[in-house]
4 protein chains.
Amino acid sequence: MAVAVEPDARLKAFYERVERQSLRPLWLNTSVNASEPTGEVLPWLWPWKQMRANMYEACEVMPVGRDGADRRVLTMRNPTLPASNHGSSRTLLAAMQLVKPGEQAPSHRHTMAALRYIIEGQGGYTIVNGQPLTMEPGDFVLTPSWCWHGHAHEGPENMVWMDVLDVPLVRGLNWQFYEEYSEPKTLQPADKPRDDSLRRFGTGSLLPHWMGRQDAPYSPLFAYKFPATKEALYRLTDYSASPTEGYALTFSNPFTGGPVMPTISASMHLLTAGLHTQAKRNMTNTLYHVAQGRGHSVLNGQRFDWEQDDTFVVPTWCWQEHAADGGDAILFAASDAPVLQALALYREETYATDGGHQPATSTFTPAS
Amino acid sequence: MAVAVEPDARLKAFYERVERQSLRPLWLNTSVNASEPTGEVLPWLWPWKQMRANMYEACEVMPVGRDGADRRVLTMRNPTLPASNHGSSRTLLAAMQLVKPGEQAPSHRHTMAALRYIIEGQGGYTIVNGQPLTMEPGDFVLTPSWCWHGHAHEGPENMVWMDVLDVPLVRGLNWQFYEEYSEPKTLQPADKPRDDSLRRFGTGSLLPHWMGRQDAPYSPLFAYKFPATKEALYRLTDYSASPTEGYALTFSNPFTGGPVMPTISASMHLLTAGLHTQAKRNMTNTLYHVAQGRGHSVLNGQRFDWEQDDTFVVPTWCWQEHAADGGDAILFAASDAPVLQALALYREETYATDGGHQPATSTFTPAS
Amino acid sequence: MAVAVEPDARLKAFYERVERQSLRPLWLNTSVNASEPTGEVLPWLWPWKQMRANMYEACEVMPVGRDGADRRVLTMRNPTLPASNHGSSRTLLAAMQLVKPGEQAPSHRHTMAALRYIIEGQGGYTIVNGQPLTMEPGDFVLTPSWCWHGHAHEGPENMVWMDVLDVPLVRGLNWQFYEEYSEPKTLQPADKPRDDSLRRFGTGSLLPHWMGRQDAPYSPLFAYKFPATKEALYRLTDYSASPTEGYALTFSNPFTGGPVMPTISASMHLLTAGLHTQAKRNMTNTLYHVAQGRGHSVLNGQRFDWEQDDTFVVPTWCWQEHAADGGDAILFAASDAPVLQALALYREETYATDGGHQPATSTFTPAS
Amino acid sequence: MAVAVEPDARLKAFYERVERQSLRPLWLNTSVNASEPTGEVLPWLWPWKQMRANMYEACEVMPVGRDGADRRVLTMRNPTLPASNHGSSRTLLAAMQLVKPGEQAPSHRHTMAALRYIIEGQGGYTIVNGQPLTMEPGDFVLTPSWCWHGHAHEGPENMVWMDVLDVPLVRGLNWQFYEEYSEPKTLQPADKPRDDSLRRFGTGSLLPHWMGRQDAPYSPLFAYKFPATKEALYRLTDYSASPTEGYALTFSNPFTGGPVMPTISASMHLLTAGLHTQAKRNMTNTLYHVAQGRGHSVLNGQRFDWEQDDTFVVPTWCWQEHAADGGDAILFAASDAPVLQALALYREETYATDGGHQPATSTFTPAS
């Protein structure tokens, strides 16, 4: 619909007037009708080695509390996004957080939802709405929209985890609310037993209804533990893997079968040794974190090699295939699938040619 | 609204005519408006000792296959029900089934839904829609409406289980369909792996969506194992028990959070040693089977003593309270709660006086 | 599974003992496994001419209030039902009610749901939960489960309407509660404007959410008016009719798209002149009332001729086809479809042979 | 959490490195935690007089078809939005479209959803998925996500309507797909009767289920006619108006009671003469179009005077109150409420002080 306009004098006056009156001729918009998602935002990868080194250096150069900083966090900013978007993708932001022994992150709440995937350390916990949730490597913890949350760490070594938030979506639409728990900032005291929700709802298909039906729009579990997840994944390996997913489990809300939160879903994918999935693309923005093993992905024809605890992002409508190189690999994934489902915009496609595999014409190299 | 009618001649002629024309004066109906459920159907108890002795004798007097009988089953017929209802309550029927080593119950299907609670024996299994499900004491297995099912037993000793069916409801409303799997009757071959559904869906809050969303109106699990249930129950004992329920878990469909089948829900109740629940009543018909321990219940003011593997039924709107005598007791319960919920007829009440306890004015004694 | 049992002495003792112990050998049950609904309950028809004459005579022989009768009602008792069921079908009861000018039926409520289809008269109204609802011929009014309702009549001539209730279902399962509005019995005063719900919700797809979301399990409309229904039916006549339904509209709850009540759905069927539907059968029990015209139905091979204001019932799994003889005919229908849907037991079938038409081998003749 | 950082050499090197590695220290983000929506985007108003003059001039300076422009559209661009957002609010775009007699807008489809509110002209229609929908002033027509749609105009005078689209939301998140119906561009032929969906589903609570249950995520109606809406609004005027809404009707999907489309809801608000609503604010972005009358709104303390066919936008969390000046006024509203509901982010607030009225400290003056 591009129009090469001949700006004669009358037309020029018209354009000037409507601009002044906050109107825009649609016919001047040359980019309006992309036949599909543009692909301008590229997949990206953040190597754990860099990330970890940066986090440890951050401990030295920027102690928590210095000049008011509550949390020692580096966000993964996808440089191919528009400047106004500080996320890893258009809807989701990944970040890395380090808490030193004895430190606390004071409690607050916000309409932005988050989950925390634990990478290293023992002895840390998150207090969500008064409930302390143990954080151990491979687990993830929910801090849903508008739930109070703060972190504490009583173990002997640093805790590091990945945060995933829907900040680009919610703040991008100006729907953020934010509140400190107290002034001066403190950690909310625990008024529920440690890992209370797991004891109550931990066996998903056995519901203690007498404890009160959970009608919140998020999973009553608040935390999902890695050992159980891993066991469930390996229970599936007697079956054929999904050609495009490997062995995949979606974490669900036991009261509804739905996603863990209304804006973020989480899943875990086992790629057994040598498995190389066929390419697919869908509408979601998906963040992957390598929970175990090493391998590579081909994303829109570009090869991304990854190893344990690397993080990478696959944007909307980007072809993706994943391979375990060496032994088994496990990928944790967080995506905006629930948003697409709720708005009836979800679609997906499989790669029909060449046995489902894209030619990899380049390799992603992280800047050093 | 009872009316003492003076049948003068004209009125008599009127009554005769409308009767002939298949009409009935409502004003002659003296029982039409009971202010609440009538209480004519009484709670009942079937002692395991009797039941077991009868089942073993049935092995001798009535072998399976003799004169065409497929299944060696004694149904628990509540004698206080109207003659046309062969159930244990108005909607549910409990029965006891014994399968000897090497026997099979050939496959069939019917619109009546059933579950099987396993009491004793090892080595038996039910094949539901081609999937063999291992049956071990304390487990229960679903055979939902219109699913093919048959039983086989390859262990060394007799298997005994309790059947719970919605026969009085579904057949009472003439909604039964029934079909043999084959002629001559055979067991449906297994075309799915043993305990397939448990491997797929056994961790209720980790759903392998890639294996296909289960949209059936019943739980994709088909079986619930006792060890996991017991562990989940005891995980709750750090909390205060529900005054009217003890520690209670409702078995749920992990895809919906709803009941295991549209007409029957199942739950497990732990009464810790010395616990005596306060009285409540609700609209359901509930069958209880003593999974473990001994104790007693007070049902509409009558005391029912029970021990392991006894079965008792609590009809609609009957006051009920339960107590563990000796150590911990565990009760398995199956009820028609989903029917009441679906028809928006559910209601419940707690016993407000005397600390929530009814006076027990009599004791139930089973006929010998 | 019929078993010809040889009652030797030991077996006889066994049978006597288990009978005493409230147990029944399943193998003695020779009728247990009907391959489909039995067909023992037959379709039936109540001619309006008889009904009307009886109602008018009832005015003379049995005045309302005589000996305590609140309501002048003749119920249509299907004589092929088991004696314990006083309904027109296993789940639904139709009845005819006449209210003379100036009479009132005092308010009460019960868990049984009802609807009233108006046949003749002007000036009557039902007060449901304080709202007076105008009753005009062709309209129907809901009195859902546990809603207060009473009737009054301020017009110059008798009002007659058909009641449809789920009494056989709800009382049959002993789920009835009943309460008088006051003692002595009175009509509940109107505390809402006349036809309030129609003014609020009468345009189904324009919802005044600011007036409060209606979360009741029944339609917020409470009444559906015949002129709008008829107009909507005729709007469909530019289309081809459904081969098995004619032109059919299901009355719905505008907040959910679901049925008007959880146990009873209502629909209106236009058979244009000469239209003869093809045979189908389904699981519902359906009551038909001839809103307009005359015609006939073939029900399980028997011909039923009908004219305006006749009532007939089609039981579960009975083949049915309907024809307008003369001009257009309109049938009002009420069924238990929501129960079958909720319990996942609904099924239907069309008649595959002979162009979809059954041979009619007999004709139903009402007793005079 | 603002931090005045002292950039010593080591810190500077750290910052440079992490920037290179696509990481960002969260502690440098000084604006991260707005306590509520920022209010940077302001309400805006586009006067119909200007709009209409511009549209008519556009007919002369930019004929449809010149240089490829399909549609003669001026979009209402809120100048207080970030430059990357071309909308009227963060999620919704309003535009004005003029079609001259005999013109057509060829058919296409896109994942962006739209509705058209008709302002002037007779004889135009939109073909949606093969169905021609008559467009008359005060009506609105849906063109849901991914439905084919084109416009034609066979009347004697220009048609003008307002388009409302979710372009800023859907394209902002890169979820757009777009497809032409044919090449060369043509109007999709009508293969359904004119106003088919209205004939089928026009009486919202009478559903022709036999025509096929509509399981699409949008209303099966596709069009809502003004006369019926107006009548329904005035039927409510016997009641007290909502203090914050006046008399308000939400257009709904008769199959679900939900919004007309998953991303846009529509409602109509009657402010009777002299009515001045109390202030409220909520999370939605709402576009108002003056369907009838004149009045003014106070939006975050600024007065906006409006008259018939003016359009104004109220962004997220902006206080709003509306008053009819002179006679009755009717406002058509389209908002992103379904998105907020789906993501569980909706909240609202009423203005507690000063009788619910904000002081109006300034007046909005459109640029000329």
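Trainee: Which residue is the bridge partner of I127(B) in strand 8 of chain B?

Mentor: P132(B) is the bridge partner there. Bear in mind this is a predicted model.

Trainee: And how many bridges join strand 7 to strand 8 of chain B?

Mentor: Five, with strand 7 (residues 124–128) and strand 8 running antiparallel.

Trainee: What's the strand order in that chain B sheet?

Mentor: The order is 8-7-10-5-12, an open sheet of five strands with antiparallel pairing. Strand 8 (131–135) and strand 12 (178–180) are the edge strands, so to speak: each pairs on one side only. From one strand to the next, the twist averages 25 degrees.

Trainee: Switching topic: which strands make up the seven-strand sheet?

Mentor: Reading across, it goes 1(A)-3(D)-4(D)-11(D)-6(D)-9(D)-14(D), again open and antiparallel. At the edges you find strand 1 (23–25) of chain A and strand 14 (223–224) of chain D.

Trainee: How many bridges pair strand 6 with strand 11 of chain D?

Mentor: Six, between residues 114–120 and residues 159–165, in the antiparallel sense. Within that pair, I118(D) has W161(D) as its bridge partner.

Trainee: Which strands does helix 2 of chain D lie across?

Mentor: Helix 2 (residues 48–61) lies across strand 1 of chain A plus strands 3, 4, 6 and 11 of chain D. Its angle to strand 4 of chain D is about 45 degrees.

Trainee: What about helix 1 of chain A?

Mentor: Helix 1 (residues 9–20) lies across strand 1 of chain A and strand 3 (73–76) of chain D, at about 140 degrees to strand 1.

Technical notes
Residues are numbered from 1 along each chain as its sequence is written. Chains are lettered from A and ligands numbered from 1 in the order in which they are written. This is a predicted model: local features need pLDDT of at least 70, side-chain atom pairs count only at pLDDT 80 or more; totals for chains, interfaces and linings use all residues. Side-chain values use heavy atoms; hydrogens and water are left out. Two strands pair if DSSP finds at least two bridges between them. Helices (H or I, at least four residues) and strands (E, at least two) are DSSP runs, numbered from the N terminus. Contact means heavy atoms within 4.5 Å. Axes are lines fitted to C-alpha atoms, for helices over the stretch in contact, and angles run from 0 to 180 degrees between N-to-C directions.
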